[in-house]
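Welcome, and thanks for taking a look at this one with me. Below are some numbered points to read with the structure open beside you.

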Amino acid sequence: MIKRTLLNSAAAACMAAASVVAMSAAAQAQTGEPVRVAMGDIASIESLGLLIAMERAKERGVPMELTFFNSEDVATQAVVGGQADIGVGAPYAFIQNSNAPIRMFYQMSTLLFFPVVNTEVYQDWQDLDGQEVTVHSRGSGTEALMRLMEQQHGITYSGISYVPGAEVRAGALLQGTINASIVDSSSFRLLEQQGGGKFARLPLEGVNATDEALYANADFLNEREEDVAIFVEEMLRTWNEINENPAIVEELRTQYDLLPDLPDQAVAEITPYFSESAESGVFPTDGGTPEDVTDDLSFLAAAGQVDAPEGDVDESMYWDFDPLNAAKN
């Protein structure tokens, strides 16, 4: 009920802001204002690929800036309301429920997450029946995945709490303030190293979906077509280089002086994180395909976040593949 209310409110905000967004995009195209990217997460090593691509786009004359918001919901609202131009996430449910004029245009990553429990409290999925779990944010891939597991295992959580940042959730697990959550690979390694053997990964089955994509207002994609094409070109270039040589991320972080305040422990995790992610196919080298849209909707429908697709999927309702096709050509 809370989620539906938020989506209905978002729909109203979306319609009210449509003309403002259109004017904003046109003004930016004329004045060369920065492309404003909104990410509903904390700054972390996971952000480095995107930050590198943005720096490379800047070198080619496209001014860009990244703002971190405290949730994907807030980041999406910023894009819909015109306070940001590009968002990071996979807002299928938002689009389906609100008819918001935003479209995804680049697949950044696929799901690779680790449901984790404190084995002093829980042992398996069945133990989570009637218990609270913690995920990244409302509408995120982490929530969809945990909802899907809830259905697959015939259990019902007592509630879901939202804590952005895999590192933050891992810290909460170590401190004992939460006992069941879902984290990324680097945070899972941290739990293995510092958890004294008490944390276990729960098994996952049947998961094939987008974790994060880039999306923008349709008017912005049209008005800043050339800038978006350059940005997508640099995303493709960076993602291919990471897959070929994950260690390049650490080199480019130094070159561009990105996230200079990262603690040494996080810096040491950069290459292992990107190596494992590249090996697991987390970073697509093609930027996304129409087939991915069908897979995403099927996954989210199974998780109860969207209506199940019927017949052929009209991917244009959710994606605009023109920027990706332009970048590839």
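1. In which sense do β1 and strand β3 pair, and over how many bridges? The two strands run parallel, and 3 bridges join β1 to β3 (residues 86-89). Please keep in mind as you read that this is a predicted model.

2. Strand β1 also has a partner in β2. Here 5 bridges link β1 to β2 (residues 64-68), again in a parallel arrangement. The path from β1 through α2 to β2 forms a right-handed β-α-β unit.

3. How well covered is β1 (residues 35-39)? Of its 5 residues, 5 are buried, so "buried" here meaning under 20% relative accessible area. The side chains on one side of β1 are V35, V37 and M39, while R36 and A38 point the other way; both groups are buried.

4. Next, move to helix α2, where you will find E55. E55 and K58 form a salt bridge, with 3.0 Å between the closest N and O atoms. Why are these two well placed for each other? They sit 3 residues apart in α2 (residues 48-59), which means about one helical turn separates E55 from K58. As a rule, an α-helix has 3.6 residues a turn, so residues three or four places apart point the same way. K58 is partly exposed, at a relative accessible area of 34%. Leaving out residues up to four places away in sequence, E55 touches Y256 and L258.

5. R237 and E234 make a salt bridge, their closest N and O atoms lying 3.0 Å apart. Both belong to α9 (residues 225-244) and are 3 residues apart, which means about one helical turn between R237 and E234.

6. A network of salt bridges links R56, R60, E233, E234, R237 and E241. Over the whole structure, the search finds 12 salt bridges.

7. Which parts of the chain does the salt bridge between R189 and E269 tie together? First, the contact: the side chains of R189 and E269 meet with an N to O distance of 2.7 Å. R189 and E269 are both buried.

8. Finally, have a look at α12 itself. Its buried residues are I270, Y273, F274, S277 and A278. These residues span an arc of only 120° around the axis, and therefore lie on the same side of α12. Just after α12 comes G281, with a positive phi of about 75°.

Technical notes. Residues are numbered from 1 along each chain as its sequence is written. This is a predicted model: local features need pLDDT of at least 70, side-chain atom pairs count only at pLDDT 80 or more; totals for chains, interfaces and linings use all residues. Side-chain values use heavy atoms; hydrogens and water are left out. A salt bridge is a side-chain nitrogen of Lys or Arg within 4 Å of a carboxyl oxygen of Asp or Glu. Helices (H or I, at least four residues) and strands (E, at least two) are DSSP runs, numbered from the N terminus. Buried means under 20% relative accessible area, exposed over 50%, partly exposed in between (1.4 Å probe, protein chains only). Two strands pair if DSSP finds at least two bridges between them. A crossover is right-handed if, with the strands pointing away from the viewer, the path from the first strand over the helix to the second runs clockwise. Contact means heavy atoms within 4.5 Å. The arc is that of the directions from the helix axis to the C-beta atoms.
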